[in-house]
Amino acid sequence: MVKVFFLAPISAHTGLTSICLGLLRTLDTAGLRVAFFKPIAQSHSATSDEDRSVVFAQTHLGLQVAPSISLKHAMKRMGENHSDLLMEEILENFHSGDRSADVIIVEGVVDTGHEDYATRLNVEMARTLNAEVILVATPDQMEIEELEETIRLAARPFESPKEPDVIGC
């Protein structure tokens with residue numbers, strides 16, 4: 001049975017893409033068949049909807065990656081209160097990916113200050129994909145107590161009987 005890990009950042013600039021790709025590489029080196037999925041593409045270019053995580057996974061790791069939905073389309077669905085339709089689209093794309101994988105690493109949405117729905121999207125996507133959640137954090141210049149509190153608060157939306165559990169950070 002395939003294991004699905006959803007990596008969700010607790011803030012911007014956590015190195016989410018690096019963590020995802022490093023985890024893929026490590027699992028692949030350990031002999032597991034791996035796949036990568038980025039449900040919602042977050043382009044860093046005004047001229048392209050291509051997500052750099054997907055490009056890196058394809059070019060550097062040689063993975064075939066299931067299609068992503070554009071952030072613009074996702075925001076439109078969320079704004080129209082159609083997150084159920086968005087999750088159906090995401091699930092359809094997810095199932096079109098590599099079905100031979102032992103482990104699928106799913107990269108969540110990064111809140112860059114413009115994505116008001118980032119946490120809600122990440123929670124709904126993790127639940128829809130029946131994934132175990134790994135939070136990705138960076139201490140920046142926080143004291144350890146402040147970092148612990150930040151992580152605890154970030155894990156809260158994922159902690160519900162109907163939602164996936166956070167298995168690590």
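I began with the contacts in this predicted model. Among contacts in the protein chain between residues at least 6 apart in sequence, I found that 75% join residues at least 24 apart.

I then listed the secondary structure. The protein chain holds six helices and seven strands, and along the sequence I read their pattern as β-α-β-β-α-β-α-α-β-α-β-α-β.

Next I looked up the overall dimensions. The C-alpha trace spans about 40 × 40 × 35 Å along its principal axes. I compared the radius of gyration with the globule rule: a compact globule of 169 residues would have a value near 15 Å, and the 15 Å of the protein chain agrees.

Of the 169 residues, 42% are buried. The accessible surface comes to about 9500 Å², and 50% of that surface belongs to carbon and sulfur atoms. I noted 14 positive and 26 negative charges, whose mean positions lie 5 Å apart.

I examined strand E5 (residues 103-107) in detail. Five of its five residues are buried, so E5 is largely enclosed by the rest of the structure. In a regular strand the side chains alternate between the two faces of the sheet. In E5, Val103, Ile105 and Glu107 point one way, while Ile104 and Val106 point the other way.

Finally, I traced the partners of E5. Strand E1 (residues 3-9) runs parallel to E5 and is joined to it by five bridges; Val4 stands opposite Ile104. Strand E2 (residues 34-37) also pairs with E5 in the parallel sense, over four bridges, and here Phe36 stands opposite Ile105.

Terms used. Residues are numbered from 1 along each chain as its sequence is written. This is a predicted model: local features need pLDDT of at least 70, side-chain atom pairs count only at pLDDT 80 or more; totals for chains, interfaces and linings use all residues. Side-chain values use heavy atoms; hydrogens and water are left out. Helices (H or I, at least four residues) and strands (E, at least two) are DSSP runs, numbered from the N terminus. The radius of gyration is taken over C-alpha atoms; the globule rule is 2.2 Å times the number of residues to the power 0.38. Buried means under 20% relative accessible area, exposed over 50%, partly exposed in between (1.4 Å probe, protein chains only). Contact means heavy atoms within 4.5 Å. Accessible areas come from the Shrake-Rupley method with a 1.4 Å probe; for residues, only the protein chains shown count as cover. Lys and Arg count as positive and Asp and Glu as negative; His and the chain ends are not counted. The place of a charge is taken as NZ of Lys, CZ of Arg, CG of Asp or CD of Glu. Two strands pair if DSSP finds at least two bridges between them.
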